[in-house]
Amino acid sequence: MVHVCVRLAPLWFLAVGSASVLGSFDLLPSSEVAAQPVSEADSHNGTTDADNGNGSGNDGNGVEDNDNGARLLAEFEARSRRSRVERADETVVYQGLRLRVDEVPADSLVLLGVRTLRPAEAEALAESGHRGLLLPDLDTLDADAAAALAEFGGAVLNLDGLAALDEEVAGALATWGSGYGWRWLSLNGVQELDLDVAEQMAQWGNGDPDVRWLYLNGVERLSPVVAEQLARWGGGDPEGRLLHLEGVRDLDAESAAGLARFGRHDGRWRSLSLGVRSTLSEGTATALAGWGEQESANRYLYLTLDSLDVGAAAALARWGRRAASQRSLSFDRMRTLDAQAAKELASFGRGDEHWRSLAFTDVRSLDAEAAAHLATWGSGDPEARHLYLEAVRTLDVDAASRLARWGAEDEMSRALNLDGLTTLEANLAEALAEWGAGVEGARSLSLNGLASLTTQATAHLARWGRDSGMAARTLSLDGVSELEAETAEALAAWGADEPSTRHLLLNGLTTLEEQAGKALAQWGYGEPGPRWLNLQGLEALGDSVAEALARWRNDSAESRSLVLQGEAYRAVEAAAARLSEND
């Protein structure tokens with residue numbers, strides 16, 4: 001199974017929906033595939049002798065062969081199965097994610113090594129009925145074949161092997177996927193865009209009433225006119241558009257200003273993922289900060305940078321000022337965060353009355369000075385703030401203590417993601433447990449990188465959220481794969497005697513031993529305050545643990561929610577029925 005977490009935080013309906021779609025496919029079992037050698041011809045092109053060299057789909061005498069399309073498709077299906085077995089370690093981009101071939105959902109055709117397509121072959125693929133069509137090695141495509149591919153009824157079309165597009169091919173591809181249903185179009189191999197091609201691509205999905213993703217991560221240079229043309233993509237469309245340009249070598253202020261027109265006056269949310277390999281200048285950052293100014297629709301800006309200087313950070317921190325909608329600012333690829341840059345970014349969204357998210361997805365360590373500056377972010381702001389430090393692997397006690405002061409006087413929602421931590425020493429847990437102490441504002445702490453917990457660290461962590469009144473607390477420990485009885489007992493003390501809602505996520509547990517399960521089932525038992533316990537990873541439960549969890553769920557003191565699935569869910573239901581009969 002492919003499990004994916006999509007982060008467009010305020011778009012929870014999209015994130016959950018996408019994760020469900022991506023995570024629910026069963027992969028093609030290897031046992032069903034007979035590994036067959038790929039011929040030399042197979043590995044270099046997509047043509048077959050069924051086409052007879054004329055691309056017409058006839059038998060060579062002008063007589064229509066009704067079985068030709070089915071025969072072509074059968075050959076491609078067989079090749080896709082061979083690719084999964086023989087080249088399983090190769091990676092392709094599927095729905096914006098880099099996956100191994102054997103991780104791509106089974107209802108997708110994955111055709112590695114196919115370099116050319118004739119129209120008849122493209123037509124057969126378009127009629128295949130698959131949800132995804134991946135041709136990452138295709139390097140030649142004419143307008144007729146592109147027009148045939150544009151009839152493909154699936155949701156994902158990957159043509160990453162194309163290094164260039166001409167106007168006719170781009171125009172044909174721009175007709176793909178009209179109508180309802182989300183669509184991913186991946187053209188990450190294209191290195192240059194001229195104005196005519198950009199004009200055609202900007203027409204893709206125009207007027208379509210659902211989400212569209214356009215990947216152009218291979219484009220290295222953007223002229224101002226091309227940038228402005230791309231920014232017209234989705235103009236007036238009734239749903240979200242996500243534009244990915246993560247391979248740009250250098251971006252000047254004029255081109256950035258062109259991109260900043262993306263979604264202007266559309267009234268719908270837009271996401272821009274932009275990668276700049278050179279240093280982001282203050283002028284370019286200032287131009288980007290003008291994106292969506294004074295607009296009411298949500299905007300999400302993802303910047304892939306090697307570093308961020310103070311001037312650029314100060315400019316970006318001004319993004320979204322006076323905007324009456326949500327803003328999310330994310331930095332990828334940066335391994336370190338300069339303390340002065342952190343100080344400038346801490347003013348992002350200052351005073352804004354709408355949701356703000358600040359993410360550093362690749363920062364590996366955080367020093368005490370940078371942590372202290374980040375702890376001032378959102379101070380006094382009247383709306384939710386989410387801080388993602390999901391790649392931080394090294395966090396000393398001093399830095400953790402300073403970070404724990406974040407939102408110390410704020411009564412609005414705050415979420416802190418530290419999923420990069422793989423170990424949690426007792427003194428570090430003690431420092432983090434101080435975050436939000438005595439504050440009546442909702443807090444969410446994510447530590448999903450922890451595979452295990454010591455009893456001592458858990459005892460400190462269980463003190464997190466004390467004296468918080470009626471404010472909700474969510475503790476996510478989805479990476480924990482096993483739980484010893486003593487640790488479960490320590491964890492069950494979390495939120496003792498607290499009247500506020502508590503959410504405890506342990507979805508990484510696949511088994512729960514009897515003593516640990518019984519200890520965990522004492523969490524909040526008979527105490528005030530709603531409790532939510534998520535154990536969706538459990539594959540099965542013993543009768544005694546199932547009975548203990550059934551009793552916990554039926555605790556009449558307050559609302560209890562137990563989230564399970566499969567055999568574990570059925571075991572608890574059966575236990576609850578037995579308890580009801582005995583009563």
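Visitor: Why is Asp 497 called exposed?

Guide: In this predicted model, Asp 497 has a relative accessible area of 63%. The term applies to values over 50%, so Asp 497 counts as exposed.

Visitor: Where is Asp 497 found, and what is its phi?

Guide: Asp 497 is found in the loop between α16 (485–491) and β17 (502–505). Its phi is near 65°, a positive value in a residue other than glycine. Most residues other than glycine have a negative phi.

Visitor: What is the phi of Gln 95, and is Gln 95 buried or exposed?

Guide: Phi of Gln 95 is near 55°, again positive in a residue other than glycine. Gln 95 lies in the loop between β1 (91–94) and β2 (97–100). Its relative accessible area is 6%, and buried means under 20%, so Gln 95 is buried.

Visitor: How do you know that the length of helix α19 agrees with its number of residues?

Guide: Helix α19 covers residues 566–582, which is 17 residues. At 1.5 Å a residue, these should span 24 Å. The end C-alpha atoms are 25 Å apart, so the two values agree.

Visitor: Which residues of α19 are buried, and how do you know on which side of α19 they lie?

Guide: Ala 568, Ala 571, Val 572, Ala 575, Ala 576 and Leu 579 are the buried residues of α19. They cover an arc of only 135° around the axis, and therefore lie on the same side of α19. In an α-helix there are 3.6 residues a turn, so residues three or four places apart point the same way.

Visitor: What covers the buried residues of α19, and which residues are exposed on the other side?

Guide: The cover includes α18 (543–553) and β19 (560–563). On the other side of α19, Ser 580 and Glu 581 are exposed.

Visitor: What makes the pair of Glu 573 and Arg 553 a salt bridge?

Guide: The N to O distance between their side chains is 2.6 Å. The cut-off is within 4 Å, so the pair qualifies as a salt bridge.

Visitor: Why is the pair of Glu 228 and Arg 261 called a salt bridge, and where do the two residues lie?

Guide: Their side chains meet at 3.8 Å, N to O, and a salt bridge requires a value within 4 Å. The pair links distant parts of the chain, 33 residues apart. Glu 228 is in helix α7 (residues 224–230), whereas Arg 261 is in the loop between α8 (253–259) and β9 (270–276). Glu 228 is partly exposed at 29% relative accessibility, and Arg 261 is partly exposed at 34%.

Visitor: How do Glu 220 and Arg 221 count, buried or exposed?

Guide: Glu 220 counts as buried, because its relative accessibility is 18% and the limit is under 20%. Arg 221 counts as exposed, because its 57% is over 50%. Glu 220 forms a salt bridge with Arg 221, the closest N and O atoms being 3.8 Å apart.

Visitor: How many salt bridges does the structure hold, and which residues are linked in a network?

Guide: The structure holds 21 salt bridges. Arg 100, Asp 102 and Glu 103 are linked in a network of them.

Visitor: What makes strand β10 mostly covered?

Guide: In β10 (residues 299–304), 6 of its 6 residues are buried. Arg 299, Leu 301 and Leu 303 point one way, and Tyr 300, Tyr 302 and Thr 304 point the other way. In a regular strand the side chains alternate between the two faces of the sheet.

Visitor: Which strands pair with β10, and in what sense?

Guide: β9 pairs with β10 in the parallel sense over 6 bridges, and the bridge partner of Leu 274 is Leu 303 in β10. β10 and β11 (residues 327–332) also pair in the parallel sense over 6 bridges, with Thr 304 opposite Asp 332 in β11.

Notes. Residues are numbered from 1 along each chain as its sequence is written. This is a predicted model: local features need pLDDT of at least 70, side-chain atom pairs count only at pLDDT 80 or more; totals for chains, interfaces and linings use all residues. Side-chain values use heavy atoms; hydrogens and water are left out. Helices (H or I, at least four residues) and strands (E, at least two) are DSSP runs, numbered from the N terminus. The expected span of a helix is 1.5 Å times one less than its number of residues. Buried means under 20% relative accessible area, exposed over 50%, partly exposed in between (1.4 Å probe, protein chains only). The arc is that of the directions from the helix axis to the C-beta atoms. Contact means heavy atoms within 4.5 Å. Two strands pair if DSSP finds at least two bridges between them.
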